[in-house]
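Please read them beside the model.

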Amino acid sequence: MSFSSMSKQQALCAGGEEDARGREDETMELIPGLPEEVAEKCLLHLPFLYHRLFRTVSSNWNRFLTADTPAAKPSTPPLTTVSLSLPFLFAFAFDPVSRRLQCQALDPFSRRWLLLPPVPAPRGGGGGGVAAGSFAVVALPARGEIYVIGGVEEDGGEKPVRSVAVYSAATNGWGAAAAMRTARGYMSAGEVGGRVVVAGEDGDAEVLDPDTGRWSPAAVRAGAAVARYDSAACGGRLYVTEGWAWPFERAPRGAVYEAATDSWADMARGMREGWTGSCAVSGGRMYIVAEYGEWRLKRYDCARDEWRMVGGGGVPAEVRRPHAVAGEVGEVGGGRRRIYVVGAGLDVAVGTVSSGGGCGEEEEERVEWEVVKGPAEFVGLAPCNAQVLYA
C-alpha cells in the first residue's frame with residue numbers, strides 16, 4: 001500500500017467530486033513534518049483491527065487506510081511488509097453449545113483478544129455451518145488473508161461443499177472466494193509458493209492462484225488413500241501424513257507435494273513415523289507438539305530424517321487439549337522462532353525457541369513457554385485451527 005504513489009487529483013477523485021473542492025487546500029501530509037516514506041512506514045505498523053478507529057484521526061489517514069485504487073493498494077502486497085508488521089494470532093474455535101464456528105484474534109503484545117466478524121456459512125448449504133475438523137484453513141501472511149475451505153455440512157448428512165470464504169486483514173471482513181472445482185471435506189491444505197494447495201484423501205488435488213482467483217487441477221497423488229491426520233507447508237512443499245492408527249499394524253503413510261515440479265513423492269520414513277502431533281512451521285523449520293506425554297516440542301532434522309527433541313519443558317499443563325498450533329513466518333530477534341499453542345478456553349502457550357549451543361547438525365534448541373490466559377467468556381471454546389497474520 002503506497003499513499004504517496006497517488007496523485008493529489010487521484011486522491012480527490014477517490015473521495016467523490018462533491019467534496020473535492022473542499023479538499024483542494026487540504027495538506028496531503030500523512031504526519032505533518034515527516035517525509036511521506038517515513039509516515040507510510042509508521043502507519044504500516046498500525047494494527048489492522050484498530051483501523052476503524054485510526055481512520056477517524058484525519059481524512060488523510062482514512063484515505064490511506066481504505067484506498068482501493070490500483071496505485072494505492074497493489075494486488076500482491078510485497079513480502080517486505082511482513083517485516084514491517086506485527087503478528088496477530090487467529091484462533092478458530094467451536095462453541096460447544098451452539099456448535100457455531102468462531103474466529104478470534106489475539107494481539108500477543110497487548111494480550112487483547114478481539115472478536116472478528118462471524119465466519120460465513122457455506123454457500124449452497126442449509127446455513128448451519130460445517131462440522132468441526134471437516135474444513136481446511138490456510139493463511140497467506142504476506143497478503144493478509146485467511147481462507148476457510150470446504151468441509152461437510154453439519155446439518156446436511158455429511159454433504160461436502162465447494163465454497164471458500166476469505167478473510168481480509170485490510171478490511172477486517174469476510175468475503176466469498178472462488179469455489180473449488182470439487183466439493184471436499186477432511187482435506188489437507190497449505191500455502192505453497194504463494195498459492196493455496198488442497199489435497200483430498202483420495203489423492204485428487206487442486207491449486208488456487210490468489211492473484212487470478214482461479215482454481216486449477218494439480219498432479220494426482222498415486223497409491224493408496226492417505227487419511228488426514230496432519231499437514232504442513234514448508235520450503236515450497238506440502239507435507240501430508242495420516243499418522244499412527246490403532247491397532248498400529250502398519251507404519252503410517254505420508255506424501256509430499258512439490259510445487260516447482262507439480263509432483264508427489266513418498267514422505268521420508270523417519271518423518272512419517274515420527275510425526276506424532278500437530279505441526280507448526282516457524283523460521284523455515286518444522287516443529288510438532290507431541291500429542292502424548294508432556295506435550296514436548298520436536299523439530300524435524302532433514303539431514304538425519306528424524307524428529308529431535310527441543311530442550312525445555314513441554315507445553316504448560318494449564319493449556320489443556322485440544323491443541324491448535326501455529327508459527328510465525330520469520331525469525332524474531334536473535335534468530336529465535338516463535339510457536340503458539342492454543343488450548344481449551346483459548347488459553348495460549350507462547351513458545352520462544354532459541355539455539356542452545358552447537359552448530360550445523362549438532363545444533364541444540366531450547367524453548368521457553370509463556371501462558372496467556374483466555375478471557376472468562378471463552379471457557380468451553382474448543383480450538384480447531386490457528387493461523388498467524390501480520391498487520
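1. The largest nonpolar core has 21 residues, and those with the most contacts inside it are Phe-90, Phe-92, Ile-146, Tyr-167 and Trp-174. Such a core is a set of buried Ala, Val, Leu, Ile, Met, Phe, Trp, Tyr and Cys residues joined through side-chain atoms within 4.5 Å. Buried means under 20% relative accessible area, exposed over 50%, and partly exposed in between (1.4 Å probe, protein chains only).

2. At least two residues of this core come from each of strand 1 (87-94), strand 2 (101-107), strand 4 (136-140), strand 5 (145-149) and strand 6 (164-168). Strand 1 gives the most, with four residues. Strands (E, at least two residues) are DSSP runs, numbered from the N terminus.

3. A second, separate core has 18 residues, among them Ala-91, Ala-326, Val-342 and Val-388.

4. Leaving out residues up to four places away in sequence, Phe-92 is in contact (heavy atoms within 4.5 Å) with residues including Leu-101, Val-119, Ile-146, Trp-174 and Cys-384.

5. The structure holds zero disulfides, a disulfide being a pair of cysteine sulfur atoms within 2.5 Å. Cys-234 is buried, at 13% relative accessible area; the closest cysteine sulfur, in Cys-279, is 7.8 Å from its own, too far for a bond. For Cys-384, the nearest cysteine sulfur is that of Cys-103, 9.4 Å away. Cys-384 is partly exposed, at 30% relative accessibility.

6. This is a predicted model: local features need pLDDT of at least 70, side-chain atom pairs count only at pLDDT 80 or more, and totals for chains, interfaces and linings use all residues. Residues are numbered from 1 along each chain as its sequence is written, and side-chain values use heavy atoms, with hydrogens and water left out.
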